[in-house]
Amino acid sequence: MDDLDPVIHAQARLRITSTLAALDADSSMSFPRLQELLDMTAGNLSTHLRKLEDAQYVTVEKTHHGRTPVTYLALSKTGRRAFEDYMETLRAMLGPHA
Amino acid sequence: MTNHTPAASADDAPADIREMLRLSQQQNEKMTRVFDRPTTIIVLTWGVAWFVGFLTLWSATEGNPWFRTPIVPAGIVFTVLMVAGIIVSAVVGSRTSRGMRGAVAFQGTVYGISWAIACMAVPFFGGALLANGMSPELAALFYPAGYSLVVGILYLAGAALWNDKPMLGVGIWIIIVGIGAPFFGAPTNYLVMGLLGGGAFLVYGVWLVLRQRRRVARYSRTDARAAVN
């Protein structure tokens with residue numbers, strides 16, 4: 001049996017990747033909107049995003065809206081593949097118990 | 001917001017794999033709601049606006065055998081309802097993709113702007129026809145049909161953008177009602193628009209709400225079943 005990807009296999013990071021996976025491949029979401037959709041604290045979300053970024057699963061783009069800095073996040077191609085593999089493995093592991 | 005958010009200390013750790021699947025489905029469902037809710041709001045808004053608006057106009061004519069609403073307030077009610085419908089469509093459409101960039105945001109913004117442009121085009125065109133001798137009797141047939149065409153086509157565009165089959169059905173229905181109504185002549189065309197147009201929006205809106213409820217109920221007990229798939 002395959003092992004579950006430890007980068008995604010944490011409650012917060014699975015929820016983050018599940019949210020970003022719902023966007024198109026070329027779309028991204030701002031940090032505040034992501035935070036709102038996940039109902040996580042900014043500090044907690046940053047911590048987990050850093051781990052996902054380190055694994056190159058999430059791309060981070062810092063830009064400006066007028067004078068306000070905004071950070072946009074997206075699932076990278078690697079990240080999307082890792083998320084799909086994770087979900088497939090998860091379902092396969094649950095299969096025999098159902 | 002949900003009560004299911006794990007505590008900060010716990011969410012770095014994995015949960016039971018069944019719980020993990022549920023967490024992912026729950027978040028996926030939340031995203032589906034984010035993209036679906038605007039359609040429901042827009043459809044229900046137009047349902048109320050057309051149903052009340054056109055029936056009020058119809059009641060201002062000799063068409064309504066039961067009671068008569070004064071013509072000027074009826075016209076004001078109708079205008080206010082139509083403008084409210086346009087504003088709600090544009091605002092809700094653009095708020096959906098709030099904080100998002102890329103194709104999803106572009107589609108949402110263009111769609112919102114399309115509503116505003118298309119709905120403003122009808123009264124301008126009508127104004128030009130009036131200035132060139134269109135009679136008030138003809139105008140009574142032109143405006144509802146013009147709006148129906150525009151709204152119907154916007155629904156067809158929405159169906160193509162979001163791969164939304166029920167929206168396709170509504171678009172076709174609105175065009176059929178809008179183009180069919182003038183054949184009944186004024187003021188019966190108002191009655192047709194209110195009942196068959198507004199009524200159809202309301203039925204579709206309620207169906208969307210019920211479908212949403214069913215889906216929420218389903219995903220909360222999917223863990224076992226999803227594992228089978």
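Which side chain meets that of A:Glu36 in a salt bridge? The partner is B:Arg98, with N and O 3.1 Å apart; a salt bridge is defined here as a side-chain nitrogen of Lys or Arg within 4 Å of a carboxyl oxygen of Asp or Glu. The model is predicted, so local features need pLDDT of at least 70 and side-chain atom pairs count only at pLDDT 80 or more, whereas totals for chains, interfaces and linings use all residues. Residues are numbered from 1 along each chain as its sequence is written, chains are lettered from A in the order in which they are written, and side-chain values use heavy atoms, with hydrogens and water left out.

Over all chains, the structure holds four salt bridges. A:Glu36 lies in helix 2 of chain A and B:Arg98 in the loop between helix 2 and strand 1 of chain B, so this pair joins two chains. Helices (H or I, at least four residues) and strands (E, at least two) are DSSP runs, numbered from the N terminus. A:Glu36 is partly exposed, at a relative accessible area of 30%, and B:Arg98 is also partly exposed, at 30%; the classes are buried (under 20% relative accessible area), exposed (over 50%) and partly exposed (in between), with a 1.4 Å probe and protein chains only. A second salt bridge links B:Arg101 to A:Glu61, whose closest N and O atoms are 2.4 Å apart. Because B:Arg101 belongs to strand 1 of chain B and A:Glu61 to strand 2 of chain A, this pair too joins two chains. B:Arg101 is partly exposed at 26%, as is A:Glu61 at 42%.

Within chain B, the side chains of B:Arg22 and B:Glu19 form a salt bridge (3.2 Å, N to O). The two residues are three apart in helix 1 of chain B, a separation of about one helical turn. B:Arg22 is buried, with a relative accessible area of 15%, while B:Glu19 is partly exposed at 29%. Elsewhere, salt bridges that share partners join A:Arg33, A:Glu36 and B:Arg98 into one network.

The interface was also examined as a whole. Contact, meaning heavy atoms within 4.5 Å, takes in 41 residues from chain A and 39 residues from chain B. The area buried between the chains is about 3300 Å², of which carbon and sulfur atoms give 56%; buried area is the accessible area (1.4 Å probe) that two parts lose on being put together, summed over both. Two salt bridges are counted between chain A and chain B.

Helix 2 of chain B (residues 71-96) has 26 residues and should span 38 Å at 1.5 Å a residue, which agrees with the 38 Å between its end C-alpha atoms; the expected span is 1.5 Å times one less than the number of residues. Its buried residues include B:Ala74, B:Phe78, B:Leu81 and B:Thr96. Among the elements that cover the buried residues of this helix are helix 2 (31-38) of chain A and helix 1 (17-59) of chain B.

Some backbone features lie in loops. A cis peptide bond, with omega about 5°, joins B:Ala186 and B:Pro187, and B:Pro187 is located between helix 5 (165-180) and helix 6 (188-219) of chain B. A:Asp39, a residue other than glycine, has a positive phi near 55°; A:Asp39 lies in the loop between helix 2 and helix 3 (42-54) of chain A and is partly exposed at 29%.
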